[in-house]
Amino acid sequence: MTDHGGAGGAGPVRYAVPYPTVGATIGERELAAVREVLQADIPLSGGAYREMFEEKFREFIGTRHAISVTSGTVALELAIHLLDLQPGDEVIATPQTYQATIQPLLNYDIKVRFADIEAHSPNISVSEVEKLLTKNTRAVILVHYGGLPVDMRPLMQLSENHGFAVIEDAAHALGSMYCGRRPGSIGHIGCFSFHSSKNITTLGEGGMITLNRDDWAERLRRIRGNEADMDLLGCEQTFGVSRDPPPHALYPGRAYTHICSAFRRAGTNATLSEPASAMGLVQLERLPELAARRRQIAARISDELSAISGVRLPDQSGDMVHAYHLFTFFVDAEQYDRDELIRCLADQGVETYLRYFPLHLLPEWRARGHCLGECPVAERSWFFEHVNLPCHPGMSDDQVEALTAALSAALLKVRRR
Ligand SMILES: *Cc1c(COP(=O)(O)O)cnc(C)c1O
């Protein structure tokens, strides 16, 4: 907890406009749904609610499959697992995201190349991706930062030409659109988070993987349910005349109908519980309302900022719908000291968190040879320009007005003359 002083007493500072700890609003419908499951005398895991939630989510996103898991982090781990990365393979990733997007890559003996962000948005630059492609590139991992869609069309064109997979971290982008399609349905695999802070939540933790490939979906369903990841072939296919049967075939009373033909890796348990799924169903239904409130608040803040010189909003084209999981703007570092602006906002009761420290500069990535200067745009943006403001459906109109008033006042106050 950061203490900005001035509150008096020992407790944490109370902000007039706090940063959200719950990104959705939770009402009677969610409570009723969870109560119903808990009182129904049914198993609390592995039942019909999970199936219903997955089906509704699949329909909403527009993919053949939606497979629920226990968090966005696990969704990303399993998505990366599906790539079967081998030593010498390369993956291109954005440096401007939460660490969970690429952390699983640390477990592989592969080369990660960070593609810098665009000059006017926190999203990965597709022309930077193109420069980093090699014959070993197996995948590109991106995030639709804050809910602002990445320019997917040229990226998918590159993917088709060069044969790499695209993983969309869509943790922020539930409610976004790109050219009439939902993020999470445009690349090869989409990963969503229902963490407390996200656009909808499933009791505080949860995640979803969306994809079209049937064989990958089948593997995912097995490995999230504690089965090892392997190709299973029927005995008759495997016990050819030239091969001795394995020892278990000597026990005819037991139903060994499959043996493994190729073991990849261990599975895990990532089962989303029934109460969580029931809550997710209600939250997904309420998403249009929750997203509309985010956009309404974002429009009000954008309007306020449009009158002020030396600030700019991320570029977005007309065929994008922004979900505003995060509200981001950039200051001109010549005109404003960004850190002073943040302190000034805090003094006026507005809590901000900067998201995210450039990943290539975290110790674990430096230990793999990454360094300052690798992504100059992301670095300059993070250290001097980038600001995130509270923007979530739990904010009252009064809080939105308090925020915009504090913002204008703070920008005026810290502006260099
Ligand atoms: C929240 C988040 C995750 C991780 O999701 P969890 O459900 O918290 O594990 C991954 N990527 C991004 C961009 C996120 O914001």
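Visitor: What does the side chain of threonine 73 have 2.5 Å from an N or O atom?
Guide: An oxygen atom of the ligand. That is a polar contact, a pair of N or O atoms within 3.5 Å; within protein, one must be able to donate a hydrogen and the other to accept it, and residues adjacent in sequence count only if both atoms are side-chain atoms. This is a predicted model, where local features need pLDDT of at least 70 and side-chain atom pairs pLDDT 80 or more, while totals for chains, interfaces and linings use all residues. Residues are numbered from 1 along each chain as its sequence is written, and side-chain values use heavy atoms, leaving out hydrogens and water.

Visitor: New topic. Where is glutamine 96 found?
Guide: In the loop between strand S2 (90-93) and strand S3 (111-114). Strands (E, at least two residues) and helices (H or I, at least four) are DSSP runs, numbered from the N terminus.

Visitor: Is glutamine 96 buried or exposed?
Guide: Glutamine 96 counts as buried because its relative accessibility is 1%. Buried means under 20% relative accessible area, exposed over 50%, and partly exposed in between, with a 1.4 Å probe and protein chains only.

Visitor: What does its side chain reach at 2.8 Å?
Guide: The side chain of glutamine 96 reaches the backbone nitrogen of tyrosine 356. Leaving aside neighbours within four places in sequence, glutamine 96 has contacts (heavy atoms within 4.5 Å) that include Ile117, Pro122 and Trp382.

Visitor: And helix H1, which of its residues are buried?
Guide: Glu30, Ala33, Val34 and Val37. Seen down the axis of H1, they fall within an arc of 90 degrees, so they line one face of the helix; the arc is that of the directions from the helix axis to the C-beta atoms.

Visitor: What covers them?
Guide: The cover includes helix H2 (48-61) and helix H8 (274-306). The face turned away from the buried side of H1 carries the exposed residues Glu28, Glu36 and Gln39.

Visitor: What comes just after H1?
Guide: Aspartate 41, with a positive phi of about 55 degrees.
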